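This briefing walks through one structure topic by topic, from its domains to its sheets and helices. Please keep the sequence and the 3D view open while you read.

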Amino acid sequence: MTLNRQPNIPEQDIFYAELINAQRNLSDEQADMMIAKLALILCNHVGDRAVLSEAIALARANTLATPD
Amino acid sequence: MSKTYTYPSFDYQPSAEQQSGSVRRHPVVIIGAGPVGLTQALDLASRGVPSLVLDDDNTVSVGSRAVCYAKRPLEIWDRLGLGEEFAAQGVQWQLGKVFLRDDLAYSFDLLPEQQHKMPAMINYQQYHLEERLVKACEASELVELRWKHKVLSLQQRDDHVNLNVETPDGIYRIEAQWVVACDGANSTVRGMVGADFSGQFFQDRFLIADVIMKADFPTERWFWFDPPFHRNQSVLLHKQADNIWRIDFQLGWNADPVEEKKPEKVIPRIQAMLGPDVEFELEWVSVYQFACRRINNFRHQRVIFAGDAAHQVSPFGARGANTGVQDCDNLSWKLAAVLAGQAPEALIDSYHEERAYAADDNIGHSTRATDFITPKSRSSLRLRNAVLELARSEPFARPLVNSGRLSTPTPYLQSSLNTPDRDPFAGRMLPGTNCADAPIRRDGQDGWLLEQLGHGFTLLSFGPAAPVSVGGITAEVIEVGRDIEDAQGLVAQRYDGQPGTVYLIRPDQHVAARWRQFDATEAQAALRRALKLQ
């Protein structure tokens, strides 16, 4: 399996709103912690080491390619 | 000094060589009488090789230092006749608890596979261990210990090494066919041969203390992340013999090592941890910084490095002395074969090949544990704490908690001494793997498989086989069902032994080759390969 880089989330606007709403009333520190936990929970769900490596590399490359 | 232990003092004795001024050439000179040097001497002796051990001091390790000894080193010491004693005297444990702040985050059980002679892990102070090893060396006709002998310099020659040694009586010269440097992390021999010793230093300091107390804490390994009594740092508590408890405090990089060692600083820290009512006495304190490094080559001509002199790891997971003892296990039979002219010097190079591979594996484990315990940035601290917070309720996060993975042997799966499998096998006993133990019966007596292996090369067979020889080395047959009884069927199970299966096992109890049917030509070729004789 390779990392799916095509749209895959149904009702994308509602999903995004759910993500934002979940951070409501959290401090920045708590919100960052929540995202860290979410990443770990999803990584475990995926499980496939090759897919995870691809996703980690993509997140890093995309961050480095983005100007400050 | 210590209230529970009297440090022995070993007498300096002038050597006949120094007194007479005649230079003697020894087959093997070992530099450093720590756990690794002493084990090296005993292991060589078990293979008939005499050795001379030089140490610049005249006592054993001060403080508990290396505390945890894992199953594989215990098996090696058992081959040398000391395993049962260490297992009986050390503290056995198998439950570990990990706390985050005030709460238990996770607990684990080592869950060792049952029916092995040696336990998964014991805690035993290094000084006890060394004192016993010294006694065993003194009792051996093949080991000579010389205390207060400091090696000042050495010169490599084609077929030997000259050592210039200083004693209370002055300086004299010793010659050695081979030198094994076991002189620890701060090895001076490394500098004498110009060896590179590089790696990663961690910007952190740890306080380790031995404390005497009669406490009700269970015999478990307790590890705290960010505990209320020592905020933002980690703490480890471990029980040892004689009511001694070992406590490690992470101090951070800015701590002053001299200041932190003072009792007025240490005692309040420990009191805060144990609670106001617990009475204890401080026995020994040390502050250290650690590094993960290894020597570029374990062999520099005729000087061979073992233990911390060859590789240094952070202490999480008991990897220092444990891997050092496995270095000895690997080197002894090779040195014995080369000294007897039964194998070429290339066999010594396979010591570097196999043990540098194991050292790199250990350094990897150790570095990853260190990065988890002492995160290097705010974001890695956040990820670490996310794992710990999730671990309380989420089983998936628990395996990610890394407070030190416990030392297990690194199989030499890629070793050039192995003969790759041609036949299909199930299970874990791949070529290059250390042999699993199992209960057996021999001559009507209960025993263990590992007691039968390790005296030379062995053909462990589950059907007819015949001894094979190469040069002066013979692999003798131990046939399951004829020579030993597979009392509980576990030998067949652990080795996937079917009728006809045969394993070629090295003197260090590692699998060299295996087949589904014995063939003398193939067995001989595998033996040649394991001796670097092709």
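Predicted model: local features only at pLDDT ≥ 70, side-chain atom pairs only at ≥ 80, totals over all residues.

Chain B is divided into domain 1, which takes in 16-89 + 122-197 + 292-368, and domain 2, which covers 439-530.

- The C-alpha centres of domain 1 of chain B and domain 2 of chain B lie 29 Å apart, and 8 residues of domain 1 of chain B are in contact with 8 residues of domain 2 of chain B.
- On the side of domain 1 of chain B that touches domain 2 of chain B, helices α3 (71-79) and α9 (320-339) of chain B each supply at least two residues, and α9(B) gives the most, with 4 residues.

- In chain B, 8 strands form an open sheet with mixed pairing, and their order is β6-β5-β13-β14-β15-β12-β16-β19.
- The edge strands of this sheet are β6 (103-109) and β19 (311-312) of chain B, each of which pairs on one side only.
- Strands β12 (residues 197-212) and β16 (residues 281-295) of chain B run antiparallel and are joined by 13 bridges; G199(B), for instance, has R293(B) in β16(B) as its bridge partner.
- Helix α10 (residues 346-373) of chain B packs on the sheet, where it touches β12, β14 (234-239), β16 and β19 of chain B, and its direction makes about 120 degrees with that of β16(B).

- Strand β5 (residues 95-100) of chain B runs parallel to β13(B) and is joined to it by 5 bridges, with L100(B) standing opposite F225(B).
- Strands β13(B) and β14(B) pair in the antiparallel sense over 4 bridges, and here F223(B) stands opposite L236(B).

**Pairings around strand β11 of chain B**

- Strand β1 (residues 25-31) of chain B pairs with strand β11 (residues 170-181) of chain B in the parallel sense over 6 bridges, and the bridge partner of I31(B) is A181(B).
- Strand β10 (residues 161-167) of chain B pairs with β11(B) in the antiparallel sense over 7 bridges, with V161(B) partnered by A176(B), and a hairpin joins β10(B) to β11(B) through 2 residues.
- Strand β18 (residues 303-305) of chain B also pairs with β11(B), in the parallel sense over 3 bridges, and V303(B) is the bridge partner of V179(B).

**The sheet of 5 strands in chain B**

- A further open sheet of chain B has 5 strands in the order β23-β24-β22-β25-β26, again with mixed pairing, and its edge strands are β23 (468-470) and β26 (511-515) of chain B, each pairing on one side only.
- From one strand to the next, the twist of this sheet averages 20 degrees.
- Strands β22 (residues 458-461) and β25 (residues 502-505) of chain B pair in the antiparallel sense over 4 bridges, and L459(B) stands opposite L504(B) in β25(B).
- Helix α14 (residues 520-530) of chain B packs on the sheet, touching β22, β23, β24 (473-479), β25 and β26 of chain B, and its direction makes about 40 degrees with that of β23(B).

**Chain A and its contact with chain B**

- In chain A, 6 residues are in contact with 7 residues of chain B, and the residues on this side of chain A divide into 3 nonpolar, 1 polar and 2 charged.
- Helix α3 (residues 49-64) of chain A has 16 residues, which at 1.5 Å a residue should span 22 Å, and this agrees with its end C-alpha atoms being 22 Å apart.
- Of the 16 residues of α3(A), the number buried is 0, so the helix lies largely in the open.

Terms used: Residues numbered from 1 in each chain as written. Chains lettered and ligands numbered in written order. Pairing = 2+ DSSP bridges. Contact = placed C-beta atoms within 7 Å. Axes fitted to C-alpha atoms, helices over the stretch in contact; angles between N-to-C directions. Domains from an automatic or database assignment. Expected span 1.5 Å × (residues − 1). Buried ≥ 20, exposed ≤ 12 C-beta atoms within 10 Å, placed from the backbone. Nonpolar A, V, L, I, M, F, W, Y, C, P; charged D, E, K, R; others polar.
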